[in-house]
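Here is a short report to read alongside the model in your viewer. Take a look at the structure first, and then we can walk through its parts together.

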Amino acid sequence: MSLLADGFITYFWDLRASKVHADGSDGASSTRLQYAMREYTYRVDGEGRIFHDGSEIVDAATLRFFLLALQRTPEGRWLALCQGERNWFEAADTPFVIQRLTLRVTNGQLDGADLCLAGDYREALNPATLQQLAPWLVEDVQGPALVMGGRRYALNAERATASPTG
């Protein structure tokens, strides 16, 4: 397949011959090749999976690179620059989707938790940020719960799962 035919890659070649300058210098012997960056578009679904041209990107190192390189443009789009290429990411909400939570348990004590994103990229959960949930935590005769979207989510040891990995 020709790179020029690929809808996700855009090449602009502008071959311009140099002109003789007003000072008489000879620039005619040199030709400059100018090109714009190649551009790719990726889609991030609600599960945090990343797709290009309908195929899911599954390489963990590539996924971690993208997540670390992503930056927000002034227009609000998500962009990762890589070796002269622009990699645009389209997501309904955010390209950063927590796929699972991994608990670090030692001797029955919770030592920490990691938020796991695409490519098994992990960020430690900062417990201080959980204070933002406090207004929606309730306790009634059924026990403690989180109320979200009008639905009650029980918080109890029976539903908790602990994995001593980490």
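This is a predicted model: local features need pLDDT of at least 70, side-chain atom pairs count only at pLDDT 80 or more; totals for chains, interfaces and linings use all residues.

## An antiparallel sheet

Strand S9 and strand S10 (residues 109-116) run antiparallel and are joined by 7 bridges. Strands here are DSSP runs of E with at least two residues, and helices are runs of H or I with at least four residues, both numbered from the N terminus; two strands pair if DSSP finds at least two bridges between them. Within this pairing, leucine 103 has alanine 113 of S10 as its bridge partner.

Residues are numbered from 1 along each chain as its sequence is written, and side-chain values use heavy atoms, with hydrogens and water left out.

The average pLDDT of the protein (the predictor's confidence in each residue, from 0 to 100) is 79, and 72% of the residues score at least 70. Residues 26-31 have a pLDDT below 50, and this stretch has 6 contacts in the model beyond near neighbours in sequence; contact means heavy atoms within 4.5 Å. Residues 162-166 also fall below 50, with 10 contacts beyond near neighbours in sequence.

## Around leucine 67

Helix H1 (residues 60-69) contains leucine 67. Is this leucine 67 buried or exposed? Leucine 67 counts as buried because its relative accessibility is 6%, where buried means under 20% relative accessible area, exposed over 50% and partly exposed in between (1.4 Å probe, protein chains only).

Leaving aside residues up to four places away in sequence, leucine 67 touches Pro95, Phe96, Leu117, Ala118 and Tyr121. The C-alpha atoms of leucine 67 and leucine 117 are separated by 8.6 Å, although the two residues are 50 apart along the chain.

## Aromatic rings

The whole structure holds 5 aromatic pairs. Rings of Phe, Tyr and Trp (its six-membered ring) pair if their centres lie within 6.5 Å, and planes under 30 degrees apart count as stacked, over 60 as edge-to-face and the rest as tilted. One of the pairs, phenylalanine 65 with phenylalanine 66, is tilted, at 5.9 Å centre to centre and 55 degrees between the planes. Phenylalanine 65 is partly exposed at 34% relative accessibility, whereas phenylalanine 66 is buried at 6%.

Tryptophan 78 and phenylalanine 96 make an edge-to-face pair, 5.4 Å centre to centre with 80 degrees between the planes. Tryptophan 78 lies in strand S7 (residues 78-82) and phenylalanine 96 in the loop between strand S8 (85-91) and S9, so the pair ties together parts that are 18 residues apart in sequence.

## Two hairpins

Strand S12 (residues 137-140) pairs with strand S13 (residues 143-148) in the antiparallel sense over 4 bridges, and the two form a hairpin with 2 residues between them. S13 also pairs antiparallel with strand S14 (residues 151-154), over 4 bridges. In the hairpin of S13 and S14, glycine 149 takes a positive phi near 60 degrees.
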